[in-house]
Amino acid sequence: MANGVLTDKRSSLIDPDIEKKIDDLMAKMTIEEKVGQMNQYTSTWDVTGPMPDEGDTKDRYQKVAEGKVGSMLNILGAQATYEAQKIAVENSRLGIPLIFGYDVIHGYKTMFPIPIADASSWDMEVVKKGCAIAAKEASAAGVHWTFAPMMDIARDARWGRIMEGAGEDPFLGARVAEARVQGFQGYSLCDLDTIAATAKHFSGYGFVIAGLDYNTTELNQNTLFNTVLPPFKAAVEAGVATVMNAFNDYNGIPVTGNEFLQRDILKKDWNFDGFIVSDWNTIGEMPIHQYAKDLKDAAFKAAKAGTDMDMESRGYEYHLGDLVRSGKIEESVVNDAVRRILRVKFLLGLFDDPYKYCSEEREKANINTEEHKVISRDAAKRSIVLLKNETSLLPLSKNIPSLAVIGSLADDKDTPLGSWRGQALENSAVSLLEGIRSAVGSSSDVRFEKGYNLASGKREFTQELKFEGIDDTSGFDAATEAASKSNVVVVALGEECFQSGEGRSQTSINLKGKQLELLKKLHSVNPNIVVVLMNGRPVAEPWLYENIPSILETWHLGSEAGNAIADVLFGDYNPSGKLPVSIPRNLGQVPIYYNHNQTGRPFGYPNDADMVFWSHYTDSDKTPQYYFGHGLSYTSFKYSDLCIESPTMNMSDTINVSVRVKNTGALAGEEVIQFYINDKYSSTIRPVKELKGFQKVHFEVGEEKLITFTIDWQTLAFYGSDQEFKAEPGEFDIMIGGNSQDLLKTELELLDS
Ligand code: NOJ
């Protein structure tokens, strides 16, 4: 791994033998059968979008038998997928197998940390492994294809889907995207344990205005090319089999109907050979966006723009055949889409054995195993970020005489499973309280008090949460008493898991209900507090961050959450996570991200910060509470001797920059060493800092290592206003450190030769 880049790139999706088989098959297909391949129906095992009016599953199977369906989503289990596949293979004229898709986002049954959490590990092997286990479980339940990874860069904590991505940075986002694709797809799509991945949502969905899900976007070309697209490009280079488009528009054109994005960039410039599936009913939503006259017009625009498969709008089913017959759409458009879809089916091995993923024995043996739980716990502990440990309260002794554990989240066995939880069993996570109880010695007195209420109601993906009862303070006295009588207080605070995820935007990003009020009371009787944050989006709560001595950001960590947090609380694991997003001080700062473009009036411009003529807030600091890349350890690391091989380089050179990193503390630990650049002047404004590499390295006590990153023209390049990726001669700051702020700096000049 150089600069954090995984090197085992997958081969192309084109296999000449398969292309020949596709030719033969397509020669036999009628236009209806071709359009059928482009049509995807949902089933009702799981509901992941507004259900269509005709809800009868039987009708859908009839359509499968008629060859009018190429794919189904939300159909699960070896038995159910076998039965549906049998209809396609035995009853339809050409017997083309269905491809079954499902949202396997951070696990199928064994839950792994939610995506923003495992991105916090900055450990691409961990990320990859989690996806590989998810693929193993899902494929054993008959699933061929996951609608993951989501790689939308997200900088607005109001947006509930910030939990589903890798945060605010395109470089980290690209590395996580390729690791996830490689994890799901393995080395061959045809292997039993692997599934096809989806790079989604193409593109710009993370930029919905005001963090409001399904909203339109304001996105300029510079941001599109340099920030939004890099993870998608990395996913395509890693061999991703499919791409999903999105609900939003780009430049006033819904991305589902956007030829520039789908045809020009994805299929032409990037040579993407897989297929594009629409997001749920995005074709049907084009008339609602007022971009298409009706569903027929929408089908026309989507097909023309390169959307190959229609998820749940029926636009292709009802109209595409006619559009081809009337000459409005050339048959070659349909042929191209069908070839892409069949290609992925061939690559999955579905034509060799359409039932290969439908084995009940495999399903029993491979799902929710002890081994998977061990791997999930490992991923979870590596995803935790130690935000603060001012008085070295952590790690706690396992023989601590008395420990108060406070907060309804501490004994919650469901919230750690997170949003987008696949087929996880309700209440199946190890709670924080359980994790703590099994970690401490028998002499420790652990007392639990719930203290506050969180949102309640039917905890389902599809239901709105109910917040009544969250103002209840009847548990305060017992909690305060427990805190006053304990050596240390561990307080779990944060969000119910369905406060984030799809359709879960919020206008506030602080702690709901009485959580903060309780925390203040606890603090007044015992300041030895460790706050364990469990949340799907960054939480802005300055009092907490400023007054509590030890804080862990744990997000929603999955099935083994409680054990993993206990591993960190009691020092069995030395925390190593770093933030993939900035944590704002308040909602007013949102969107806030480290890699913003430089303003013409930064700090104190022109020379007097007492005057108002510079970019600042009058009622708040403009820096975030915690910077991107921040994360502490129980040990300390010293950076020194930043050394660049040469102060100048030519376009064709590759040079090294190195730094000495030493573990100066008393414990072994891992550090994420981060490499940033700043392009000091260029033809379009570049960010004040850009991550260009990272390495997660283990250090024994006292150990010192020389860490090296390489720089070539591509490290310094960007997409200019002409959409070309190029490096411009000039000066660059080269920076290395343990977060995006505390950096050693040197300079480099790129010469014009
Ligand atoms: C809509 C979501 O936006 C998408 O991410 C998901 O894959 C589909 N629904 C299918 O569930």
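R314 is buried, having a relative accessible area of 3%; here buried means under 20% relative accessible area, exposed means over 50%, and partly exposed lies in between, with a 1.4 Å probe and protein chains only. The model is predicted, so local features need pLDDT of at least 70 and side-chain atom pairs count only at pLDDT 80 or more, while totals for chains, interfaces and linings use all residues. Residues are numbered from 1 along each chain as its sequence is written, and side-chain values use heavy atoms, with hydrogens and water left out.

## Backbone geometry

R314 is not a glycine, yet it has a positive phi of about 75°. R314 sits in the loop between β10 (310–311) and α13 (315–325). Helices (H or I, at least four residues) and strands (E, at least two) are DSSP runs, numbered from the N terminus. W420, also a residue other than glycine, has a positive phi near 50°. W420 is placed in the loop between β12 and α17 (432–439), and its relative accessible area of 6% makes it buried.

Two peptide bonds are described next. The bond from L394 to P395 is cis, with omega near -5°, and P395 lies in the loop between β11 (385–389) and β12 (402–406). The bond from V590 to P591 is likewise cis, with omega near 0°; P591 is in the loop between α21 (561–569) and β17 (637–644). As background, most residues other than glycine have a negative phi, and most peptide bonds are trans.

## Nonpolar cores

A nonpolar core is a set of buried Ala, Val, Leu, Ile, Met, Phe, Trp, Tyr and Cys residues joined through side-chain atoms within 4.5 Å. The largest such core holds 123 residues, of which L403, L432, I436, V531, L544 and L569 touch the most other members. A second, separate core contains 48 residues, including I31, L189, V277 and M309.

Contact means heavy atoms within 4.5 Å. Leaving aside residues up to four places away in sequence, L403 touches L396, I436, D445, V446, R447, S486, V488, V490 and F570.

I31 belongs to helix α2 (residues 31–37) and counts as buried at 14% relative accessibility. With residues up to four places away in sequence set aside, I31 touches G321, V324, R325, E331 and V334. The C-alpha atoms of I31 and G513 are separated by 57 Å, the two residues being 482 residues apart along the chain.

I253 is located in strand β8 (residues 253–254) and is partly exposed, with a relative accessible area of 28%. Apart from residues up to four places away in sequence, I253 touches N258 and Y291. From C-alpha to C-alpha, I253 and A302 are 11 Å apart in space, and they are 49 residues apart in sequence.

## Pockets

Rolling a probe the size of a water molecule over the atoms shows where empty space is left. On a 1 Å grid over the protein atoms alone, a pocket is an open set of points where a 1.4 Å probe fits, with protein on both sides within 12 Å along at least five of seven lines; lining residues have an atom within 4 Å of a point. Grid points are joined across faces, edges and corners, and a volume is the space filled by probe spheres set on the points.

The largest pocket has a volume of about 1300 Å³. Its lining comprises 47 residues, of which F171, P230, K692, Q714 and F725 are the closest to the centre. Elements that each supply at least two residues of this lining include α7 (170–185), α8 (221–228), α9 (230–237), α10 (259–269), β21 (690–699) and β22 (704–711).

The second largest pocket contains about 690 Å³ of space. Of its 24 lining residues, I592, Y593, H596, K622 and T623 are the closest to the centre.

The table gives the linings by class. Ala, Val, Leu, Ile, Met, Phe, Trp, Tyr, Cys and Pro count as nonpolar, Asp, Glu, Lys and Arg as charged, and the others, Gly among them, as polar.

| Pocket | Nonpolar | Polar | Charged |
|---|---|---|---|
| Largest pocket | 20 nonpolar residues | 14 polar residues | 13 charged residues |
| Second largest pocket | 11 nonpolar residues | 10 polar residues | 3 charged residues |

## Cysteines

A disulfide is a pair of cysteine sulfur atoms within 2.5 Å, and a search of the whole structure finds 0 disulfides. For C131, the closest cysteine sulfur is in C497, 20 Å away, which is too far for a bond. C131 counts as buried at 6% relative accessibility, whereas C643, at 41%, counts as partly exposed.
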